[in-house]
Amino acid sequence: MSRLSRFVCFTQQVVEYHLGYRSNYIVGIYRHPQILRRYSQVASPKDTQGAKNAQISSNERQISFKDATFENTLLRDACSCSICLDTSTQQRRFSTGQIPLDVRPKSLVQANKNGEYEVTWTAKGVEDHMSVYSQERIAQLASPLWRYNNRWRFARDAVLWDADTLRGNLVSRLYDDYMNDEEAFKDVVLGLYRTGLAFLRDSPTKECTGDMEIVVEKIAKKIGYIKETFYGTSWDVVSRPDAKNIAYTSENLPLHMDLLYYESPPGVQLLHCIANRAEGGESVYADSFHAAYQLLEDDPISFYNLTMFPITFHYRNDGYHYVYTRPLIELDNFYTKPTPEHPVVRIKCVNYSPPFQAPFEHFVTHSETAERNVEFGEFIRAFNKFEKIIYKPSQQFESKFKPGDVALFMNRRVLHSRRRFTLTSSTQGNNDDGSYGRWLKGTYLDIDSFYSKLRELSGL
């Protein structure tokens, strides 16, 4: 059975299981499975030429080309003339809400001598407006695949991994090459997206470079702007007495993601190893997307429950009180156009961080769960299945930091943990002068900064 068929089956099971629940995501696809079939076809070269020499017709609401029909209002909104779009800033000069509902072509739409389609828009009470659309633009608007690839073409290169798969796809480059060779830099950024994890080797084993710039911040800034948090622009990961965060102890730190109690958690985390004389303390990584897709394939009902049940995360310590509620699996709710190149369900991010999970605040009582057709027991069953996947040894990649190593990972995809470590008296270091037996320096990137650089390097 194809993945598309499995998902249609998944939606049917879910609707039958949660009869009466009104989710546009589920019920809409269930009632109209032809939507999935229609968008499962990739636009061929012939399709992209569909507007050429087409018979064009229009009425009060629509304009129809050979292979596509558009609402008048949508096509008017797509005008990119200099009146509608500033040629310098490439920003709009009008609002969608300003488009009259009765806008329509004033006369028959025809191709000019350049093969472009000229449309004179008219509506009651406003001046007529001329728009010009190339054949290529009409073909692009008609193609769900083009619209997706225009922003997310690199998404098809993502690699879902277990430990063995990662070893064959992991990008690891020298620090000097990353900083000075654009091809090496591109390799790291694209590799970081593909697997969610990349490494740099032989970085300076000092906190700052000769120009007094913090090394990990310098590495991050080559990609984009640093995301400052209540930890600052960067922070030290060291074992401290009376720590306010489990990461600042020598105890075992389970798989998790950072700052899920923020409305917008960091997209990328970087950790630079300055010193490591500890016994133990290995870092462990797991691909939460791989686990989620595996759960979708094995138990679609559990997958669905993890997209619907709200989990509250919080941090309340040291004068701070952060809290945010989100499901374990978040889907891209606007991604409804699957193709053979892209999965039928696009996971936006995963939210898993048991150390910072708060008591449940939604659907707590029986009456609440009955009203929303959710069962806490079913959610726990799904949660347990997800954890069994991510904690399989075959799903985990283990690595121990060496001084000069830098790990870069996607915080909303790759789970990270650290095994317990010990420091003997001979490896403690002298904390008074800023040295530690095990010393990592960390920083964050906002996901938008990362995606901006990724699109630039991908030619989008």
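Analyst: A residue counts as buried under 20% relative accessible area, as exposed over 50%, and as partly exposed in between, with a 1.4 Å probe and protein chains only. The model is predicted, so that local features need pLDDT of at least 70 and side-chain atom pairs count only at pLDDT 80 or more, while totals for chains, interfaces and linings use all residues. Residues are numbered from 1 along each chain as its sequence is written, and side-chain values use heavy atoms, with hydrogens and water left out.

User: Why is D202 called exposed?

Analyst: The relative accessibility of D202 is 58%, and because exposed means over 50%, D202 falls in that class. D202 lies in the loop between β9 (197-201) and α11 (215-221), where helices (H or I, at least four residues) and strands (E, at least two) are DSSP runs numbered from the N terminus. D202 also has a positive phi of about 60°, although it is not a glycine.

User: What makes M212 exposed?

Analyst: M212 has a relative accessible area of 63%, which is over the cut-off, and therefore counts as exposed. M212 sits in the loop between β9 and α11 and has a positive phi of about 70° without being a glycine.

User: Why is α13 called roughly perpendicular to α15?

Analyst: The axes of α13 (residues 300-308) and α15 (residues 376-390) cross at roughly 105° and come within 9 Å, the axes being lines fitted to C-alpha atoms over the stretch in contact, with angles from 0 to 180 degrees between N-to-C directions. Angles under 35 degrees count as roughly parallel, over 145 as roughly antiparallel, 65 to 115 as roughly perpendicular and the rest as oblique, so α13 is roughly perpendicular to α15. The contact (heavy atoms within 4.5 Å) involves I301, S302, N305 and L306 of α13, and residues of α15 including F379 and F383.

User: What makes α6 roughly perpendicular to α7?

Analyst: The axes of α6 (residues 135-142) and α7 (residues 144-152) cross at roughly 95° and come within 5 Å, and because that angle lies in the perpendicular range, α6 is roughly perpendicular to α7. R137, Q140, L141 and A142 of α6 meet P144, W146 and R147 of α7.

User: Why do β1 and β3 stand at the edges of the sheet?

Analyst: The open sheet has 3 strands in the order β1-β2-β3, with antiparallel pairing, and two strands pair if DSSP finds at least two bridges between them. β1 (57-58) and β3 (69-71) each have a single partner strand, so one side of each is left without a neighbour in the sheet. Between β1 and β2 (residues 62-64) there are 2 bridges, and S57 stands opposite S64 in β2.
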